[in-house]
Amino acid sequence: MRRPGDNTCGIRKGEAVAANLEKVVPWGRSLAEYVRMFDLSADDLESRFLDCGGGPANVNAEMHRRGRNIVSCDPIYEFSAADISKRIDETFHAILKATEANRNNFVWTEMKSPEHVGEIRMAAMRQFLDDFPLGLAHGRYVVGALPARRASSPCFRISAKSIRPTFRLSSTS
Ligand SMILES: C[S@@+](CC[C@H](N)C(=O)[O-])C[C@H]1O[C@@H](n2cnc3c(N)ncnc32)[C@H](O)[C@@H]1O
């Protein structure tokens, strides 16, 4: 049921817990990584798609560019692109350093090295930052946090949750 204040199929703008950007380490995957991580089919990508904890991934931007139907929610969307960008710049090298320090714990097949991870993730995050202001205005990005989020809205067939420790794909059909 839609309530006053709803903007997109039960996703309520402003119901998020307040996020503290200083405690957030923004790190965004590419759509290609989502496809592998959630084993998304072409049919999944054609469906109305809810990206829970979308963060600075390029998934919304890229799906929108391809004419797909997607909404992403995350508490960090209450901040501006400039603020998120600044936080990315502050934390990026520390993440790469930690990845390098733990490189033996990763399987290096798709990604060749920590530097390669950095290139792919930074390109994805830049695409997100470029898309975010307009997407926010159009309701493709929504400030919101689980579990308040009605992530199983019948308006969405596919719901991808990548919030630790949950990496899950739900389908309502
Ligand atoms: C590891 S990042 C993943 C970002 C993106 N989904 C990806 O895979 O590249 C996790 C994201 O979940 C968001 N997050 C944390 N707690 C959340 C909650 N309770 N509800 C929704 N998003 C949350 C964080 O702000 C962060 O952007």
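This is a predicted model: local features need pLDDT of at least 70, side-chain atom pairs count only at pLDDT 80 or more; totals for chains, interfaces and linings use all residues.
Biologist: OK. At what angle do α4 and α5 pack?
Modeller: Helix α4, residues 81–101, and helix α5, residues 114–137, pack at about 170 degrees, and their axes are 11 Å apart. The two helices are therefore roughly antiparallel to each other.

Biologist: Which residues meet there?
Modeller: On the α4 side they include I84, I88, F92 and L96. Among those in α5 are V117, M122, M125, L129 and F132. By class, the α4–α5 contact has twelve nonpolar, three polar and one charged residues.

Biologist: Switching to the core. Which residues touch the most other members of the largest nonpolar core?
Modeller: F128 and V142 do, in a core of 26 residues. Elements giving two or more residues to this core include α1 (31–37), β3 (49–52), α4, α5 and β6 (158–163).

Biologist: Which element gives the largest share?
Modeller: That is α5, with five residues.

Biologist: And the ligand, which residues come nearest?
Modeller: R29, G53, G55, A57 and A145, out of 16 residues around the ligand. The shell divides into nine nonpolar, five polar and two charged residues.

Biologist: How many helices and strands does the protein chain have?
Modeller: Five helices and seven strands. From the N terminus, the order is β-β-α-α-β-α-β-α-α-β-β-β.

Biologist: What percentage of the chain counts as buried?
Modeller: 31% of the 173 residues of the protein chain.

Conventions
Residues are numbered from 1 along each chain as its sequence is written. A residue is near a molecule or strand if its C-beta atom, placed from the backbone, lies within 6 Å of it. Ala, Val, Leu, Ile, Met, Phe, Trp, Tyr, Cys and Pro count as nonpolar, Asp, Glu, Lys and Arg as charged, and the others, Gly among them, as polar. Axes are lines fitted to C-alpha atoms, for helices over the stretch in contact, and angles run from 0 to 180 degrees between N-to-C directions. Helices (H or I, at least four residues) and strands (E, at least two) are DSSP runs, numbered from the N terminus. Angles under 35 degrees count as roughly parallel, over 145 as roughly antiparallel, 65 to 115 as roughly perpendicular and the rest as oblique. Two residues are in contact if their C-beta atoms, placed from the backbone, lie within 7 Å. A nonpolar core is a set of buried Ala, Val, Leu, Ile, Met, Phe, Trp, Tyr and Cys residues joined through C-beta atoms within 7 Å. A residue is buried if 20 or more other C-beta atoms lie within 10 Å of its own, exposed if 12 or fewer, and partly exposed in between; C-beta atoms are placed from the backbone.
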